[in-house]
Amino acid sequence: MTLAIVALLVLVAALGVPLFVVLGAGSLVAAHAAGLNPAVLIVEMMRLASSPNLMAIPLFTLAGVTLSRGGAPERLLAMFNAGFGWMPGGLAIVALVSCAFFTAFSGASGVTILALGGLLYPILLRENYSKNFSLGLLTSSGSLGLLFPPSLVILLYGIVANVSIEQLFIAGIVPGLLLLLMLALYSAAVSRRTGISPRPFSLPVLRSAVRAGVWDLLLPVGIVVGLLGGYVTATEAASCTAAYALLLETAIHRNLRSLARLYEIFRETVVLVGSLLIILGVALGLTNLLIDAQVPMKILALMERHVHSQLHFLLLLNIFLLAVGCLMDIFSAIVVVVPLILPLAHRFGVDPVHLGIVFLANLEIGYLTPPVGINLFLASQRFRAPMLSLFRAALPFLLIMLIWLALITYLPSLSLWWMKTGLLRVL
């Protein structure tokens with residue numbers, strides 16, 4: 001009976017029914033099967049509403065939408081191109097840095113591909129980069145900033161897993177920079193092999209671009225300094241970021257001065273946040289029922305019979321999460337899967353902050369894998385290319401990301417370096 005219900009829910013989801021409906025229906029069915037009052041689902045929503053970090057989600061989302069609509073992508077692209085375009089593989093590195101920077105603020109919706117892809121793709125082709133390399137670079141770059149503050153998925157993971165968001169923000173910086181460095185070295189090697197000459201450096205162009213984009217660049221610097229110094233919490237940083245973004249685009253650059261433009265920004269923010277919160281609310285109710293049914297404990301008992309070391313557990317965890325990334329979007333995976341694996345990770349001595357970085361890294365790779373890889377869908381729409389062609393073009397970048405995943409999984413010091421410094425006392 002239970003398997004039949006699960007199969008029916010999977011079929012309904014495959015037919016395109018909204019995810020919150022599927023999760024809500026699964027929660028009601030599970031509550032009925034367990035003989036519980038469905039009111040327990042509402043209790044879980046109340047717990048979500050009382051989370052002190054919940055306000056950070058809409059505020060950071062508002063900042064990302066404001067910057068996106070106010071012209072930040074164009075300013076950042078001009079600034080990074082003037083600063084890095086003279087290096088070997090300079091334009092490719094510019095694309096990587098710009099996309100990572102913008103993704104950190106725009107969230108994990110893949111909007112980076114839509115906002116920057118159209119600007120960068122013709123420029124890469126004009127600089128004699130191959131079509132395959134350009135498509136692979138831009139498709140894989142759409143999710144590069146997921147580990148940098150103030151990433152929305154880090155906020156969501158911290159709320160679901162009850163882990164310090166400030167610690168997660170700090171822990172993601174070194175792994176994120178390492179991935180950027182690995183992809184930049186590959187891009188430079190491709191550029192050198194194909195004989196692409198770097199453009200000459202121009203100080204006046206750099207000065208002009210910095211003058212236009214310095215206010216955008218100060219925003220992430222302020223967030224990191226505020227969190228590192230212990231001056232603000234994640235929620236306070238979100239409030240400051242939203243206020244700064246609105247001030248930047250309305251008073252300094254003056255791109256969003258009309259009430260109609262501001263209305264569009266707030267409307268888009270409300271739609272994005274509302275769709276996320278309704279999924280989060282019903283999914284937490286479902287996972288709470290699964291925990292009450294001791295599903296994690298049963299999985300733990302099964303693994304204890306076959307897994308005898310942390311190394312073995314992390315290997316199986318990566319395989320499992322890569323499979324999850326192929327089948328679920330990152331938001332759904334966080335709210336459904338995280339509560340199930342937390343007790344398993346605790347049993348095998350995996351730090352919850354390190355687990356968060358490994359979890360998000362796996363799901364970041366999932367953005368490039370069919371059948372649910374959102375980067376493939378958006379790139380297919382943006383560049384008018386078949387998904388299979390885009391997947392083949394992104395394969396070299398995907399392989400580099402898998403090597404990077406192995407490094408951050410089995411070298412936890414890359415994520416937990418701050419524990420050996422004075423930051424531990426602050427955070």
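Colleague: Why is E268 called partly exposed?
Modeller: Relative accessible area, taken with a 1.4 Å probe and protein chains only, sorts residues into buried (under 20%), exposed (over 50%) and partly exposed in between. E268 has a relative accessibility of 26%, which means that it counts as partly exposed. This is a predicted model, in which local features need pLDDT of at least 70 and side-chain atom pairs count only at pLDDT 80 or more, while totals for chains, interfaces and linings use all residues. Residues are numbered from 1 along each chain as its sequence is written, and side-chain values use heavy atoms, with hydrogens and water left out.

Colleague: What makes R69 and E268 a salt bridge?
Modeller: The term needs a side-chain nitrogen of Lys or Arg within 4 Å of a carboxyl oxygen of Asp or Glu. The side chains of R69 and E268 meet at 2.9 Å, N to O, and the pair is accordingly a salt bridge. R69 belongs to helix α4 (residues 56-69) and E268 to helix α14 (residues 259-292), so the pair ties together parts that are 199 residues apart in sequence. Helices here are DSSP runs of H or I with at least four residues, strands are runs of E with at least two, and both are numbered from the N terminus. With a relative accessible area of 45%, R69 is partly exposed.

Colleague: How many salt bridges does this rule give, and what makes a network of R75, D216 and E249?
Modeller: The count comes to three. D216 forms a salt bridge with R75, their closest N and O atoms being 2.8 Å apart, and this pair links distant parts of the chain, since D216 is in helix α12 (residues 203-228) and R75 in helix α5, 141 residues apart. E249 also forms a salt bridge with R75, at 2.6 Å between the closest N and O atoms, and here E249 in helix α13 (residues 234-252) is 174 residues from R75. Salt bridges that share partners join R75, D216 and E249 into one network.

Colleague: Are D216, R75 and E249 buried or exposed, and how do you know?
Modeller: D216 has a relative accessible area of 4%, so it is buried. R75 is buried because its value is 10%, and E249, at 0%, counts as buried too.

Colleague: Why is G145 called buried, and which residues does it contact?
Modeller: G145 has 0% relative accessibility and therefore counts as buried; its place is in the loop between α8 (131-141) and α9 (152-161). Leaving aside neighbours within four places in sequence, G145 is in contact (heavy atoms within 4.5 Å) with A100, T103, A104 and S151.

Colleague: Why is I319 called exposed, and where is it found?
Modeller: I319 has a relative accessible area of 53%, so it is exposed, and it is found in helix α16.
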